[in-house]
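This report describes selected side-chain pairs, helix packing and individual residues. Please view the sequence and the structure together before reading on.

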Amino acid sequence: MGSVAKNGLKKYLLQLQQHPLRTKAITAGVLSAISDIASQKLTGIQKLQLRRLLLKVLFGVVYLGPFGHYFHILLDKLFKGKKDPSTVGKKVLVEQLTSSPWNNLLFMIYYGSIIEGRPWNQVKSKIKKEYPTVQYAAWTFWPVVGWINHQHVPLQFRVIVQSAVACCWGIFLSVRAAKAVTLSPAIKQQ
């Protein structure tokens, strides 16, 4: 690793140690930005939608980073920091039955009402239609991430790992949603 990268990592780890909440919030915001920029480009958006990008960064900084920070601390306190397979399984179960549905619902509300500017009745209708599919997809993927995170990743890095995976997950969901929109007219014509 080059000295610039090594120095940068050293400074980042120091910030994480001295200011964990702020560092995780900023990291979540930066990774939200990377995810949205990649999503916009991969879904064919020619000109970067700056408002959308900034609103996604805001969601990462204000909500995702802080929520993850406190949620992981709470889980570790509830389960006394244990990492045996039974305890990790319980942590993953609690995570998947509480924060996963909540985070997906909150993001769908935020995205529909704030980012897209839709009226509440349209947001509610879209959530009724798409939330079960979104949550099911999350339950097929995120428990594995949760298991690895709780079993192998130290507490101070869990939000960062989760944010990094969420960056990729967001790109996947955006590309998938764009393909569904592209395919819908063709399916309706058949």
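## Salt bridges

Arg52 and Asp36 form a salt bridge through their side chains, with 2.7 Å from N to O; the term salt bridge denotes a side-chain nitrogen of Lys or Arg within 4 Å of a carboxyl oxygen of Asp or Glu. Arg52 belongs to helix H3 and Asp36 to helix H2 (residues 20–42), so this pair ties together parts that are 16 residues apart in sequence. Helices (H or I, at least four residues) are DSSP runs, numbered from the N terminus, as are strands (E, at least two). Both Arg52 and Asp36 are buried; buried means under 20% relative accessible area, exposed means over 50%, and partly exposed lies in between, with a 1.4 Å probe and protein chains only. The model is predicted: local features need pLDDT of at least 70 and side-chain atom pairs count only at pLDDT 80 or more, whereas totals for chains, interfaces and linings use all residues. Residues are numbered from 1 along each chain as its sequence is written, and side-chain values use heavy atoms, with hydrogens and water left out.

Across the whole structure, five salt bridges are found. In another of these pairs, the closest N and O atoms of Arg158 and Asp76 are 2.8 Å apart. This pair links distant parts of the chain, since Arg158 lies in helix H7 (residues 155–189) and Asp76 in helix H3, 82 residues apart. Both Arg158 and Asp76 are buried. A salt bridge also joins the side chains of Glu116 and Arg118, at 2.6 Å from N to O. Glu116 counts as partly exposed because its relative accessibility is 34%, and Arg118 counts as partly exposed at 29%.

## Aromatic pairs

A pair of aromatic rings is described by the distance of the centres and the angle of the planes. The structure holds ten aromatic pairs. One of them is the tilted pair of Phe59 and Tyr63, with 5.3 Å from centre to centre and 40° between the planes. Rings of Phe, Tyr and Trp (its six-membered ring) pair if their centres lie within 6.5 Å; planes under 30 degrees apart count as stacked, over 60 as edge-to-face and the rest as tilted. Phe59 and Tyr63 both lie in helix H3 (residues 50–78), four residues apart, or about one turn of the helix. Both of these residues, Phe59 and Tyr63, are buried.

In the pair of Phe141 and Trp142, the ring centres are 5.3 Å apart and the planes stand at 85°, so the arrangement is edge-to-face. Phe141 counts as partly exposed, with 30% relative accessibility, whereas Trp142 is buried, with a relative accessible area of 11%. One aromatic cluster is formed by Phe59, Tyr63, Phe67, Phe71, Phe107, Tyr110 and Tyr111.

## Packing of H1 and H2

Two packed helices are described by the angle between their axes and the distance between the axes. Helix H1 (residues 3–18) packs with H2 at an angle of about 125°, and their axes are 5 Å apart. Axes are lines fitted to C-alpha atoms, for helices over the stretch in contact, and angles run from 0 to 180 degrees between N-to-C directions. H1 and H2 are therefore oblique to each other, because angles under 35 degrees count as roughly parallel, over 145 as roughly antiparallel, 65 to 115 as roughly perpendicular and the rest as oblique.

On the H1 side, Tyr12, Gln15, Leu16, Gln17 and Gln18 meet Pro20, Arg22, Thr23, Lys24 and Thr27 of H2; contact means heavy atoms within 4.5 Å. The residues of this contact divide into three nonpolar, five polar and two charged. Ala, Val, Leu, Ile, Met, Phe, Trp, Tyr, Cys and Pro count as nonpolar, Asp, Glu, Lys and Arg as charged, and the others, Gly among them, as polar.

## Individual residues

Lys80 lies in the loop between H3 and helix H4 (85–97). Its phi is near 50°, a positive value in a residue other than glycine. Lys80 counts as exposed, with 67% relative accessibility. Thr87 is placed in helix H4 and counts as buried at 8% relative accessibility. Apart from neighbours within four places in sequence, Thr87 is in contact with Phe79 and Lys82.

Val134 is found in helix H6 (residues 120–152) and counts as partly exposed at 23% relative accessibility. Apart from neighbours within four places in sequence, Val134 is in contact with Asn104 and Met108.
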